[in-house]
Amino acid sequence: MSHGPSAPSAAPHGQSHDHEPYQPVFTPGSARKQELDDLKTRYPDKRACLLPGLWMIQQDRGWISEDAMREIGEQLGVTAAYVKGVVTFYTMYHQHPVGQHFIQVCTTSPCLCAGADKVVEAFLEHTGCKELGLTSPDGKYTVIEVECLGACGFATPVQINEDYVENVTPEKVPEILRGLQ
Amino acid sequence: MGYPHKSHPRETPVLSKHFGNPEARKLETWKSLGGYKALQQALTMDPVAIQNVVKESGLRGRGGAGFPTGLKWSFMKLNDGKPHYLACNADESEPGTFKDREIMRWTPHALIEGCAIGAYAIGAETAYIYVRGEFTEPIARLEEALKEARAAGIIGNNAMGSGKKIDVWVHRGAGAYICGEETALMNSLEGKRGNPRIKPPFPAVSGLFGQPTTINNVETLTAVPHILNNGAEWYKAMCLSSPKSTGSKLFSVCGNVAKPGNYEVVMGFSFKEFLYDLCGGPLPGRKFKALIPGGSSVPVITIDEAESVKMDYEGFLEVGTMLGSGGVIIFDDAQSMPRQLARLSRFYAHESCAQCTQCREGTAWMTKILERIVAGQGTFEDLDTIFDLAENMTGKTICVLSDSCAAPVTSGINKFRGEFEALIKGKRSSTVAMGAGV
Ligand SMILES: Cc1cc2nc3c(=O)[nH]c(=O)nc-3n(C[C@H](O)[C@H](O)[C@H](O)COP(=O)(O)O)c2cc1C
Ligand code: SF4
Ligand code: FES
């Protein structure tokens, strides 16, 4: 949730991408459709597949567009508006396209006292992103601050797409970025 | 085996014994280490008998509140003709806490066994492990282990040949601290926004999908197989101080300390020895100043207060704080407490689900005021306003997130008032700047 004075989430700037053509994920006979249908058997109510279904879309399409919300809503018998309500509650669903490497640096107190703010600065500098939440001109990187990643003993942890990189210091940033190519 | 450091001789590794050993993730190895014996035995027992062993052991919830686990299980009305559910809380998002992650990464079968026993003991055929969305590695480890356990017939329609059905599934969250609150977790799992529910009804009456549900933390459930294998007396005997706190406990240690990491000690262990011996004391040339010992939601204590503590539920209460989740956050003499508390307040403002006015407005204003003080623009009146706000944020909301913001802030101001006053008097910002996002 994001109500308080918080760090910006991904890519709030720039134009809307919702006019771009959307390719459905759960087409009849597709592996994803099968996966979703299998998942439904785990729960007494298929609506419970909403978070997992949104994950599938984000994995395949990179972000959750309005069309995507409509598609998953149709699959699970809820309206697109309902889906939007859910999507906007959770910080991990992207409502805009993000850079190829989505870099999330934890800056909550335990990491802050270990120097996480300097790690953020180093990522902003070396990626060319300049500002939190903005994607670099080459489309490669987006850097955001996140709240506790549950790895506080390995300060500073940074999540890059799906993976954690632990014990990150500003000095290690250029090498980490080189490893991402 | 310790992780990331070698086990200290004064530790009592029960849950963490195999941390750092990738072999322990495999079913075959796990069984050779004694895995799934407790489940086999449990499936021959009456569920009430299991509840009684757990009650007798004194095991209390490791998710934060310390509620007796056996008692919680006994609230589930067996044979009421309704489907029952077990929800395992693996949302681990409380700043300072990173123990459940290691349990899932290194010993996924230990958690699966705990879930299966827990489910059987409360009359449930289905357990869901709700894991925070960021934990992709723990999720992958759990999924692999579940696949093995299912293929081996350990879980499924005929669990270990008992004729009983026990399913265990992983459910991935999507980034929201509040989904660690038990009723928010249930809403989230049901495919809703993760808003906490008003209680009553309590989960044992109406929880997941409106059915009787028990929710337990990862560490709590992982302790259960050990209790069945070794007996309640063995568990109860792990106790160095208050008889109300038994067993071993994982403490996550982070912040300004020589050896951050997870440590497992018997309840009632000396906090002084823990901090200076096990955790290696402060960083070279520094001194410990303040601690938040139970995850960021509990009151701040000074290092002097900490040194007298016996590490159990009662011991931390004696110095006005709580054991909570066992996430020990340490600040040394180089840290500005106003700056750290302002950042912590921002965490709660960011994570408030915004249902309750006191929480939504309180956490946001508290953050604004604290950041103003840190920026050298605060007034003495601001400090009074914070205490006013805190009073309105405590005991008045649907869940305790609101209280959890107020507790570290007010205790921090009370104990380190001089640092706040210096910033206000000096009209200059804290020597170190706020996070880059400010
Ligand atoms: C805001 C908030 C966040 C919480 N986060 C967690 C969490 O991440 N993990 C957890 O186990 N319990 C968390 N809890 C506590 C749970 O509500 C619940 O008490 C616990 O999971 C019960 O399990 P236990 O009895 O085994 O401790 C949280 C509570 C609140 C109010
Ligand atoms: S106290 Fe805060 S987080 Fe809890 S229900 Fe109310 S608004 Fe939501
Ligand atoms: S505070 Fe950074 S990972 Fe927990």
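How many salt bridges does the rule find across the interface of chain B and chain A? The rule finds 4 across that interface. The views below are taken from a predicted model.

**Figure 1. The interface of chain B and chain A.** In this predicted model, 51 residues of chain A are in contact with 67 residues of chain B. The size of an interface is often expressed as the accessible area that is lost when the parts come together. Here the two chains bury about 4700 Å² between them, and carbon and sulfur atoms account for 58% of that area. Among the 4 salt bridges across the interface is the one in which the side chains of A:Glu162 and B:Arg172 meet, with an N to O distance of 3.3 Å.

**Figure 2. B:Arg172 and the ring of A:Trp55.** B:Arg172, the partner of A:Glu162 in a salt bridge, also lies over the face of A:Trp55. The distance to the ring centre is 3.5 Å. A:Trp55 itself is buried, because its relative accessibility of 6% falls under the 20% limit.

**Figure 3. The aromatic pair of A:Trp55 and A:Tyr93.** Over all chains the count comes to 21 aromatic pairs. One of them joins A:Trp55 and A:Tyr93, whose ring centres lie 5.1 Å apart with 55° between the planes, a tilted arrangement. A:Trp55 belongs to helix 2 (residues 50–61) of chain A, whereas A:Tyr93 is in the loop between helix 4 (80–87) and strand 1 (101–106), so the pair ties together parts that are 38 residues apart in sequence. A:Tyr93 is buried, with a relative accessible area of 3%, and A:Trp55 counts as buried at 6%.

Figure 4. Elsewhere in chain B, ring pairs link B:Phe251, B:Tyr263, B:Phe271, B:Phe274 and B:Phe316 into a cluster. A charge over a ring is found at B:Tyr313, where the charged end of B:Arg60 sits 4.0 Å from the ring centre.

Figure 5. An unreviewed UniProt entry lists A:Cys106, A:Cys111, A:Cys148 and A:Cys152 under "binding site". These residues are spread over 47 residues of sequence, yet they cluster in space, with a largest C-alpha distance of 8.8 Å. A:Cys111 is found in helix 5 (residues 109–112) of chain A, while A:Cys152 lies in the loop between strand 2 (141–146) and strand 3 (158–160). A:Cys111 has a relative accessible area of 2% and is buried; A:Cys152, at 3%, counts as buried too.

**Figure 6. The surroundings of A:Cys111 and A:Cys152.** With residues up to four places away in sequence left out, A:Cys111 touches A:Cys106, A:Ala116, A:Cys152, A:Ala155, A:Thr156 and A:Pro157. Under the same exclusion, A:Cys152 touches A:Pro110 and A:Cys111 within chain A. Its contacts also reach chain B, at B:Pro95, B:Gly96, B:Thr97, B:Phe98 and B:Cys254.

**Figure 7. Two cis peptide bonds in a loop of chain B.** One cis peptide bond joins B:Lys199 and B:Pro200, with omega about -5°. Another joins B:Pro200 and B:Pro201, with omega about 0°. B:Pro200 lies in the loop between helix 8 (182–189) and strand 4 (213–217) of chain B, and B:Pro201 lies in the loop between helix 8 and strand 4.

Figure 8. A:Lys130, a residue other than glycine, has a phi near 70°. A:Lys130 lies in the loop between helix 6 (116–127) and strand 2 of chain A, and counts as exposed because its relative accessibility of 71% is over 50%. B:Ala354 is not a glycine either, and has a positive phi of about 75°. B:Ala354 is placed in the loop between helix 14 (337–351) and helix 15 (357–374) of chain B. At 14% relative accessibility, B:Ala354 counts as buried.

Definitions and conventions
Residues numbered from 1 in each chain as written. Chains lettered and ligands numbered in written order. Predicted model: local features only at pLDDT ≥ 70, side-chain atom pairs only at ≥ 80, totals over all residues. Heavy atoms only, no water. UniProt positions renumbered as here; feature names shortened; annotations may be inferred. Helix = DSSP H or I, 4+ residues; strand = E, 2+ residues; numbered from the N terminus. Buried < 20%, exposed > 50% of the residue type's maximum accessible area, 1.4 Å probe, protein only. Contact = heavy atoms within 4.5 Å. Phe/Tyr/Trp six-rings, centres within 6.5 Å; stacked < 30°, edge-to-face > 60°. Lys NZ or Arg CZ within 6 Å of the ring centre and 35° of its normal. Buried area = accessible area lost by both parts, 1.4 Å probe.
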